[in-house]
Amino acid sequence: MELNFDFFNKWVQIKLGINLSDYKQRQMQRRIGNIMRETGAQTLEEYAHILERDKAAREAFVEHLTINVTEFYRNKELFANFEEQLLATVIPNVSAPKIWSAACSDGAEPYTLSIIAEKNHLLGTKIVATDIDNDILKKANIGIYRKDQVKNLSLQDVKKYFDQVDDSHYQIKQFLKSRIVFKKQDLLKNSYERDCNVIVCRNVTIYFKPEVRDRVYQKFSESLAPGGILFSGATEAINFPEQYGLRKIDSFIYQKV
């Protein structure tokens with residue numbers, strides 16, 4: 001089936017404000033084709049008409065594009081390294097760090113960061129959590145998670161930091177929510193946070209074209225306070241971090257020089 005992606009890319013940019021040309025095209029086109037067929041549409045023109053009139057389909061499309069696969073302490077061993085570097089390189093200089101969880105999805109990542117702050121008595125820690133998807137931010141604010149999403153926490157920690165909703169769902173406790181502010185933000189077109197001591201952005205830039213990814217890393221560097229750290233995903237090693245004013249200090253962790 002021949003699909004008119006040029007038409008669809010332009011339509012999405014005009015109607016939804018998302019520039020699909022910044023993403024790796026083959027990967028993005030495959031994802032669009034998959035969700036389009038779920039609606040029964042045979043062409044992208046037909047799919048655009050469905051998105052135009054059907055709010056639920058539009059929301060499902062945006063959520064599908066943003067690839068919301070998350071869990072608490074995703075790649076647990078990397079989070080252990082991150083916590084160690086946070087305490088060794090950031091906290092000696094600032095007792096109440098500003099942390100930005102970029103592309104935070106359903107909130108598992110910023111709540112993980114809030115748990116880390118709680119465990120280490122980092123009073124005054126402020127966490128800004130941003131994502132492009134309004135609906136996923138609403139879910140993050142509610143903070144209800146499936147049992148499989150909290151599997152990396154001990155049973156003791158689950159009891160301490162969550163209220164059990166039913167046999168398979170848990171809701172994050174309010175005291176962990178209190179240090180987090182959720183905001184809508186598009187990494188590709190909106191302004192970035194400033195004076196961050198920590199930026200966590202994981203499993204996002206792999207979907208960007210190299211030149212777009214480079215711009216994002218440069219802007220992250222500019223958003224960091226001197227000595228601040230950037231924690232990237234397990235498939236997102238930064239080659240030549242010095243070009244962004246960063247240096248590697250651990251696996252997938254970089255410090256602003």
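Reader: Taking contact as heavy atoms within 4.5 Å, what kind of model is this?
Author: This is a predicted model, in which local features need pLDDT of at least 70, side-chain atom pairs count only at pLDDT 80 or more, and totals for chains, interfaces and linings use all residues. Residues are numbered from 1 along each chain as its sequence is written, and side-chain values use heavy atoms, with hydrogens and water left out.

Reader: OK, Ser221 then. Buried or exposed?
Author: Ser221 is buried, at a relative accessible area of 4% (buried is under 20%, exposed over 50%, partly exposed in between, with a 1.4 Å probe and protein chains only).

Reader: And which element is Ser221 in?
Author: Ser221 sits in helix α10, residues 210-223 (helices are DSSP runs of H or I with at least four residues, strands are runs of E with at least two, and both are numbered from the N terminus).

Reader: What does Ser221 touch?
Author: If you skip its neighbours within four places in sequence, Ser221 is in contact with Tyr244, Gly245, Leu246 and Lys256.

Reader: Switching to sheets. What's the strand order in the seven-stranded one?
Author: That open sheet goes β6-β2-β1-β7-β8-β10-β9, with mixed pairing (two strands pair if DSSP finds at least two bridges between them). β6 (180-184) and β9 (246-250) are the edge strands, each pairing on one side only. From one strand to the next, the twist averages 20°.

Reader: How do β1 and β2 pair?
Author: β1 (residues 98-102) and β2 (residues 126-131) are parallel, over five bridges. Ala102 stands opposite Thr130 in β2.

Reader: And over at the β9 end, what do β9 and β10 do?
Author: β9 and β10 pair in the antiparallel sense over four bridges, and Asp250 has Ile253 in β10 as its bridge partner. They make a hairpin with two residues between the strands, and in the turn Phe252 has a positive phi of about 65°.

Reader: Which strands does α5 lie across?
Author: Helix α5 (residues 76-90) lies across β7 (196-201), β8 (224-232), β9 and β10 (253-256), and runs at about 175° to β8 (axes are lines fitted to C-alpha atoms, for helices over the stretch in contact, and angles run from 0 to 180 degrees between N-to-C directions).

Reader: What about the three-stranded sheet, what's its order?
Author: β3-β5-β4, an open sheet with antiparallel pairing. Its edge strands are β3 (144-146) and β4 (162-166), each pairing on one side only. Ignoring direction, neighbouring strands of this sheet are turned by 35° against each other on average. Four bridges join β4 to β5 (residues 169-172), and Phe162 stands opposite Ile172 in β5.

Reader: Helix packing next. At what angle do α2 and α4 pack?
Author: About 150°, with the axes of α2 (residues 25-38) and α4 (residues 55-65) 10 Å apart. On the α2 side you have Met28, Arg31, Ile32 and Ile35, which meet Ala60, Phe61, His64 and Leu65 in α4. The residues of this contact are six nonpolar, one polar and one charged (Ala, Val, Leu, Ile, Met, Phe, Trp, Tyr, Cys and Pro count as nonpolar, Asp, Glu, Lys and Arg as charged, and the others, Gly among them, as polar).

Reader: And how far apart are the axes of α1 and α4?
Author: Helix α1 (residues 5-16) and α4 have their axes 13 Å apart, at an angle of about 110°. The two are therefore roughly perpendicular to each other (that covers 65 to 115 degrees, with under 35 roughly parallel, over 145 roughly antiparallel and the rest oblique). Phe8, Val12 and Leu16 of α1 make the contact with Arg58, Phe61 and Val62 of α4.

Methods: Contact means heavy atoms within 4.5 Å.
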